[in-house]
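Here is a short tour of the structure, grouped by topic so that you can follow along on screen. Please have the sequence and the model side by side.

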Amino acid sequence: MKAWLIYDRDSAIYNEAYINFYIEEGRKLAIAVKLILIEELEFGVKGNQLFVRYQGEPVSNPDFAICRSIYPLLSRHLEGMGIRVFNNSHVAAICNDKAWTCQYLANTGIRMVDTSFYRNVLGRDALIKASKPTVMKAVDGHGGKQVFLYEPDHRKESSVEKSNSKELDAIVQGIGKSDVVVQPLIGSRHQDLRVYVIGNKIQAAVLRTAKEGFKSNYSLGGEVSLYFLSEQETEIVNTIMDQFDFGLVGIDFIIGDEGELIFNEIEDVVGSRMLYRCSDINIVERYLKFIRKQLVD
């Protein structure tokens with residue numbers, strides 16, 4: 001069995017050890033995992049047919065592809081050529097857009113953060129109108145990046161107005177060209193929970209606690225520990241899983257002031273460092289076994 005493991009070049013350098021882990025675990029399962037760099041892929045339509053070339057040459061289709069880069073167009077293209085992609089293009093498109101994710105899950109009844117959607121050019125005005133601490137996120141942000149807290153100061157002194165303006169300028173610059181979601185700051189514990197899911201099964205949950213500030217991401221210095229879901233919490237996760245055909249994802253919740261789970265977002269290209277940090281779960285082995293079963297059954 002042949003598999004493509006798709007990364008952009010910068011991410012491949014950063015995740016070299018993880019890529020090698022995929023290759024080694026694949027070898028144990030008789031799966032030949034090949035690293036594919038997006039920068040060396042060419043794909044499109046020629047003669048009314050979808051095509052893919054790699055490093056300038058035609059390539060034979062793999063049995064499946066694992067896309068570890070945020071590129072729903074590529075995932076959809078490969079699927080159009082008959083290649084199974086994990087996560088599939090539907091998951092990739094929705095879960096890499098924070099606004100679309102909230103919209104998609106709004107009617108499920110799960111508790112989620114109140115969220116407003118804005119085009120990029122309207123983001124600054126949305127913050128100016130804020131009367132309480134407010135979080136702004138790029139809809140396509142990943143790993144805790146492009147997430148900003150704005151705490152308005154409504155005193156009328158000119159120095160305060162200038163300070164607010166500089167803070168707004170910094171946020172707008174940090175967001176870049178992305179559209180945004182705007183949310184009230186909630187959860188004074190500054191904790192969140194990532195639930196690792198493969199297919200329709202929960203693999204593990206990791207509690208993250210911020211050391212400072214409001215971001216609890218492990219990559220940003222948050223403390224992590226294994227967490228065991230209650231029956232009620234498991235039902236919340238099950239409700240979300242029922243809406244998708246997942247491969248491997250991380251479902252993220254904010255921990256409310258009463259310890260309740262408040263849905264936040266879903267990570268399509270989910271990292272596993274903190275899971276390996278606090279457990280002996282081999283998530284790569286489990287994922288490859290899951291994929292193999294999907295293809296064989």
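Let's begin with Ala205, which sits in strand β13, residues 201-209. Keep in mind throughout that this is a predicted model.

**Ala205 and its surroundings**
- Ala205 has a relative accessible area of 3%, and because buried means under 20%, this residue counts as buried.
- Setting aside neighbours within four places in sequence, Ala205 is in contact with Leu193, Arg194, Val195, Ser225, Leu226, Tyr227 and Leu229.
- Thr115 lies 90 residues from Ala205 along the chain, and 24 Å separates their C-alpha atoms.

**The five-stranded sheet**
- Strand β13 belongs to an open sheet of five strands with antiparallel pairing, in the order β14-β13-β12-β15-β16.
- The edges are taken by β14 (223-227) and β16 (261-267); each has a single partner strand, so one side of each has no neighbour in the sheet.
- From one strand to the next, the twist averages 25°.
- β15 (residues 248-255) pairs with β16 in the antiparallel sense over six bridges, and within this pair of strands Ile255 stands opposite Leu261 in β16.
- Helix α8 (residues 231-241) lies across β12 (191-198), β13, β14, β15 and β16, and runs at about 130° to β15.

**Asp252, a buried acidic residue**
- Where is Asp252 placed? Its place is in strand β15.
- Is Asp252 buried or exposed? Asp252 is buried, because its relative accessible area is 2%.
- Beyond neighbours within four places in sequence, Asp252 has contacts with Leu193, Arg194, Arg208, Phe263, Asn264, Glu265 and Glu267.

- Four bridges join β9 (residues 134-138) to β10 in the antiparallel sense, and Lys137 stands opposite Val147 in β10.

**A nonpolar surface patch**
- Tyr118, Val121 and Leu122 make a nonpolar surface patch of about 280 Å².
- Leu122 is found in the loop between β8 and α6 (123-128).
- Leu122 counts as partly exposed because its relative accessibility is 40%.

**The β3-β4 hairpin**
- Strands β3 (residues 41-46) and β4 (residues 49-54) run antiparallel and are joined by six bridges.
- Within this pairing, Phe43 stands opposite Val52 in β4.
- The two strands form a hairpin with two residues between them; Gly47, in the turn, has a positive phi of about 60°.

Methods. Residues numbered from 1 in each chain as written. Predicted model: local features only at pLDDT ≥ 70, side-chain atom pairs only at ≥ 80, totals over all residues. Heavy atoms only, no water. Pairing = 2+ DSSP bridges. Patch = residues over 30% accessible without salt bridge, like charges linked within 9 Å, V, L, I, M, F, W, Y side chains within 5 Å. Areas by Shrake-Rupley, 256 points an atom, 1.4 Å probe, with all protein chains shown as cover. Salt bridge = Lys/Arg side-chain N within 4 Å of Asp/Glu carboxyl O. Buried < 20%, exposed > 50% of the residue type's maximum accessible area, 1.4 Å probe, protein only. Contact = heavy atoms within 4.5 Å. Axes fitted to C-alpha atoms, helices over the stretch in contact; angles between N-to-C directions.
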